[in-house]
Amino acid sequence: MSIVVKNVTKLYGEQKALDDVSFSVNPGEIVGFLGPNGAGKSTMMKIITSFIPSNMGETHVCDLDVSKVPLKTKMRIGYLAEQNPLYYDMYVREYLGFIAGVFKIKNTAERIDELIEMVGLTVEQNKKIGQLSKGYKQRVGLAQALIHDPEVLILDEPTTGLDPNQLEEIRGLIKKIGSSKTVMLSTHIMQEVEAICDRVIIINKGKIVANEKASDLSTLLSSKNAIQIEFEKAIDEKALRNIAGVQSAEKQVGNNYLVQVNSEIDIRNQLFQFAIAQGTTVLTLKKEELKLEDIFKQLTT
Ligand code: ADP
Ligand code: MG
């Protein structure tokens, strides 16, 4: 296992930021660590990277206990922290040279060339970090995290604050890098998980609320499919709710209803017959599949 977290609890004073958290990440996986702001994502990542200790539980990275051999584990991990701390007055190459020195890397110039090529910094490599756009600063952050060729990458909200083009570029880059490494990335954006991750771990208020393959997540709550229907005239709401398979019918503007149905049953035909029986017609009828975003909302509110 690349990452094993066992019954980890973290307290900040009275506050439980992590409450008995357990999960593991397989070698080569890209796992999305998803949760609303304040859920405990950064705290968990700081514990995995041994920047802060936990109060209870154990954390292993590449079979090393992070609290017992912090320096050894740091050599195996690349970490892009949430605020991406960079020295704005340093030049890109100068900064990467400095980080290479920290990790005692040999053939520094060659390694920096390799990384600059890998993260797409060639055009900007001679600039000061402070002069770079946010997207390029993230690339410097990624190069910094990769410099010692770690097996595990921990990326804390790597795409926050990027414009749509930069977002796509950085996601593509993470996916490319992820093909040969274990990656755990935190995000509060559901689409990000769909775009790059094999698996998603959802955390809310310090507790894990889901741990699923990205493709399985949508079936998790599939019993909540809904139909959006608009009748031409007012209908008997009680009769609508009495149709077999209807779980609820919520009136919206005009004669629009959001009908929650049991997913096994397709009731579109019944709705149509119902309209006729009510002496009206159906103007629109739209099946609404529950999106990952709705699942996230349901699990975290
Ligand atoms: P996330 O990264 O998911 O937004 P964090 O791990 O940063 O969440 O924070 C989890 C909770 O712990 C929040 O309520 C936050 O206010 C609190 N917290 C984080 N760091 C500290 C700290 N150094 N001291 C006190 N409370 C903290
Ligand atoms: Mg955070």
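Salt bridges come to 14 here, counting a side-chain nitrogen of Lys or Arg within 4 Å of a carboxyl oxygen of Asp or Glu. Keep in mind that this is a predicted model, where local features need pLDDT of at least 70, side-chain atom pairs count only at pLDDT 80 or more, and totals for chains, interfaces and linings use all residues. Side-chain values use heavy atoms, with hydrogens and water left out, and residues are numbered from 1 along each chain as its sequence is written.

- D19 pairs with K207, with the closest N and O atoms 3.0 Å apart.
- This pair links distant parts of the chain, as D19 sits in strand β2 (residues 15–25) and K207 in strand β10 (residues 207–213), 188 residues apart; strands are DSSP runs of E, at least two residues, and helices are runs of H or I, at least four, numbered from the N terminus.
- D19 is buried at 18% relative accessibility, while K207 is partly exposed at 43%; buried means under 20% relative accessible area, exposed over 50%, and partly exposed in between (1.4 Å probe, protein chains only).
- K16 joins D19 and K207 in a network of salt bridges.

**Helix to helix**
- D113 and R93 form a salt bridge with their closest N and O atoms 2.9 Å apart.
- D113 lies in helix α4 (residues 108–118) and R93 in helix α3 (residues 92–102), so the bridge ties together parts 20 residues apart in sequence.
- Both ends are partly exposed, D113 at 41% and R93 at 25%.
- E169 meets R139 at 2.7 Å, N to O.
- R139 is buried at 9%, whereas E169 is partly exposed at 42%.

Definitions and conventions:
Chains are lettered from A and ligands numbered from 1 in the order in which they are written.
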